[in-house]
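Please read it alongside the sequence and the structure.

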Amino acid sequence: QDGPDPLIIETQDWAMFTGDAVDATPYGMPIRFEADVIRRNVPWLTADPISSINFTPIHALDGTITPQGCAFERHHSGAIELAKEDYRLMLNGLVDQPLIFTYEDLERFPRENHVYFCECAANTGMEWAGAQLNGVQFTHGMIHNMEYTGIPLRTLLNEAGLGAAGDLADKWVYVEGADASSNGRSIPMEKALDDVIVAFKANGEALRKEHGYPVRLVVPGWEGNLWVKWLRRIEVTDVAVESREETSKYTDVLADGTARKWTWVMDAKSVITSPSPQQPITHGNGPLVITGLAWSGRGKITRVDVSKDGGMTWETARLGRQGDTKALTRFYLDTEWNGEPWLLQARAMDETGYVQPTKDQLREVRGENSIYHNNCIQTWALASDGRAENVEVS
Amino acid sequence: VATLRMQVETAGQRGDVALASSSGTATVHSQGVPASGAALGLGRPAFDEEIAAWDVKVLPDGRGLPEGSGDVWTGDEVFAEYCAACHGDFAEGRDAWPVLAGGFDTLDDRDPVKTVGSYWPYLSTVWDYVHRSMPFGAAGTLTDDEVYAITAYILYSNDLVDEDFVLSRETFGDVVMYNADGFIVDDRPVTEYPIWTGEPCMSDCKSAPAEITRRATDVGVTPADDGSMAESQMEKELASLGGVEWGKERVAGSVFMDPNAEPEEEAAAEEAPAEQVASAESTTDATAAAEGPDPSLVAAGESAFRQCASCHQIGEGAKNRSGPQLNGVFGRVVGSVEGFRYSNAIKDASSEGVVWDEETLSGFLADPKGYLNGTRMSFRGVKDEADLAAIIAYLASFQE
């Protein structure tokens, strides 16, 4: 600074004139300076924008909670408008009493609050065969993390009674939505009775239309396709339905052509969100905060390591807060950068002791014709000018 | 007369839910809600008719299939009418929509072609999905017989049945799916977790310093940071990719849609008819220019057109998508964009020389299926009259 800063020594408009009145925006949007923090899609991914997906701008967020307004969307027949008064939830199949609930009925059950991440099984799927999309929003943005308010699914199953189901060990719960795709999925009873939630609020407010208003399913730690939106029916069955979304899609082809099915769990994964291709270093040399997100569908994140040399050496990052089970954890590495070219990587560990693998390690086991469940270590090449690029390394 | 199911009176009779706890991942719930307990008596018993209306699932063993049947040749006709616009006459797929036939023995390739024939392990899935979710934009409108026929045709197009095959509940069990034994249950706990568990390496973890082997910028398919990259620009870039094997064909298709999409050829093929249409519109062009659409109405129409934009493109470089491109639509003969597969209803109107003008567009856009019985345009209609006028003005502004 050559001299006194005019922003300080001169009286600014905002310090002289009044600002907006209280009701200027009865339900606010982010200030206009943040207008680039938005969901984006990749038009060539899908045949049309109705059965499609977009991506959370995770490069521009911090902390762990994803605002609903920029949390990624995936629809199979578009986001529908379903009013609370038109909402009905059916519970049938191998239950003692098939029941119909209204939205008001659901509000009378004891409810819980939990923070969970929701990750599409295809997140990072475009990177299987090579570095392709130059932005963490696109490589890792099919994820969001919200605080859900809802009813444990077991409470509703209990209300209908599971006596008719007999031995629960081999039973399933089939769930489907009210939209034109219905997106039916089968969930094993053990999971249904564990931590699955029938949710109607996220981050304190009603679910947004694009996230299943008024009611969606929350299946902690498991792939997003199971989190059925506009939930309209829950059925106890004696077999998996083997719907389109659990056979032709969301199955994982291995090198020999055999495919894995029922690959519901999202394994431990992490990624550096800044610096990254959409978030270059612009402040020059000196102190630098490297930050990112880590998560595991099998429990809590216990540790994240960061490498600056493409995986040769690692240092352990600081967790913003102790990890919650099946929720995003923020990590920071408070460091110094002086224009060195770095190959930045993050590596997550969860409470089972699982260590996030490299892309080559994944390929060794699964081959290269897979799509879903790519939880590989991501590399950003940081150039001396502060720009970062999506690369693969030897 | 609706039959009310017997109400089970007490919570005790319903039976409490036993909590499964064999899994090592079972979560402790600290919020104090009982894991099991007495039912609260909320909700009401479901009517049989309600269950019948919503519970339409078909299980792998065929349970849930309704009465009815359909043969291959009927399926050929029904498929052409309802499915071929996206999936192609022979289930080979169009644009980036899913290919349903072929791809046999490609599953161990780097680019597996996953079709009903090559990949789907259960026939029930085909029937169930077509029945509940297709056609796209008009789900649940096919009769059971039509679903049987379409399913039979898809099987035939994959050489899984003969041409005289008739699919019904009775013959369902005779069909052998090609990839029925191609799936294993998730084995990551055995094949992956043990080798990736333990204390990781912290220093000297590689035998040689890491070198960059691939760069995303060499592929160049990332949308611009302001999200503005138009599809045409994207396709131009894709066209320049040449032999990059992890480009669009490889990745885009296999994630969600058709692995065989070839957008460059598509683009070339569709631009020609657009020009022909444009030149044929010169007379109408003059008329429209003389009257001149109201600019503010056009601006309002641009905003209202968003409800159309999922299926229709307009403006420079517009191409046919789910719906035909709309350049020059105002004033031209109905159903005259070459290369677009119109419904019979539109074709009939076309042969009668019906022209898209203020009156016909108003009627059609307000209530597509009511105005033109048999149209495939699956849209509820523009209900707001101001929006309707604005959209028509907006359409009329694209006369080139």
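A salt bridge is taken here as a side-chain nitrogen of Lys or Arg within 4 Å of a carboxyl oxygen of Asp or Glu. The model discussed is a predicted one, and in this model B:R110 forms a salt bridge with A:E368, with 3.4 Å between the closest N and O atoms. Between chain B and chain A the count of salt bridges is 12, and the interface also holds 49 residue pairs in polar contact, both residues being at pLDDT 80 or more. On the side of chain B that touches chain A, the largest share comes from helix α11 of chain B (residues 248–255), which gives 6 residues.

The contact involves 134 residues of chain A and 117 residues of chain B. About 10,500 Å² of area is buried between the two chains, and carbon and sulfur atoms give 57% of that area.

## Aromatic pairs

Over all chains, a search of the whole structure finds 22 aromatic pairs. One of them is formed by A:F117 and A:W295, a tilted pair with 6.4 Å from centre to centre and 55° between the planes. Because A:F117 lies in strand β5 (residues 112–119) and A:W295 in strand β16 (residues 286–295), both of chain A, the pair ties together parts that are 178 residues apart in sequence. Both A:F117 and A:W295 are buried.

In chain B, an edge-to-face pair is formed by B:Y394 and B:F398, with 5.1 Å from centre to centre and 80° between the planes; B:Y394 and B:F398 are likewise buried. Chain A also holds an aromatic cluster, made up of A:W172, A:W222, A:W262 and A:W264.

## Charges over rings

In chain A, the charged end of A:R347 sits over the ring of A:W314, at 4.1 Å from the ring centre. In chain B, the ring of B:Y119 has the charged end of B:K114 over it, at 5.3 Å from the ring centre.

## An enclosed helix in chain A

Helix α5 of chain A (residues 153–160) is largely enclosed by the rest of the structure, because 8 of its 8 residues are buried. Just after helix α5 of chain A, the residue A:G161 takes a positive phi of about 85°.

Terms used:
Residues numbered from 1 in each chain as written. Chains lettered and ligands numbered in written order. Predicted model: local features only at pLDDT ≥ 70, side-chain atom pairs only at ≥ 80, totals over all residues. Heavy atoms only, no water. Phe/Tyr/Trp six-rings, centres within 6.5 Å; stacked < 30°, edge-to-face > 60°. Helix = DSSP H or I, 4+ residues; strand = E, 2+ residues; numbered from the N terminus. Buried < 20%, exposed > 50% of the residue type's maximum accessible area, 1.4 Å probe, protein only. Lys NZ or Arg CZ within 6 Å of the ring centre and 35° of its normal. Contact = heavy atoms within 4.5 Å. Buried area = accessible area lost by both parts, 1.4 Å probe. Polar contact = N/O pair within 3.5 Å; in protein donor to acceptor, adjacent residues only side chain to side chain.
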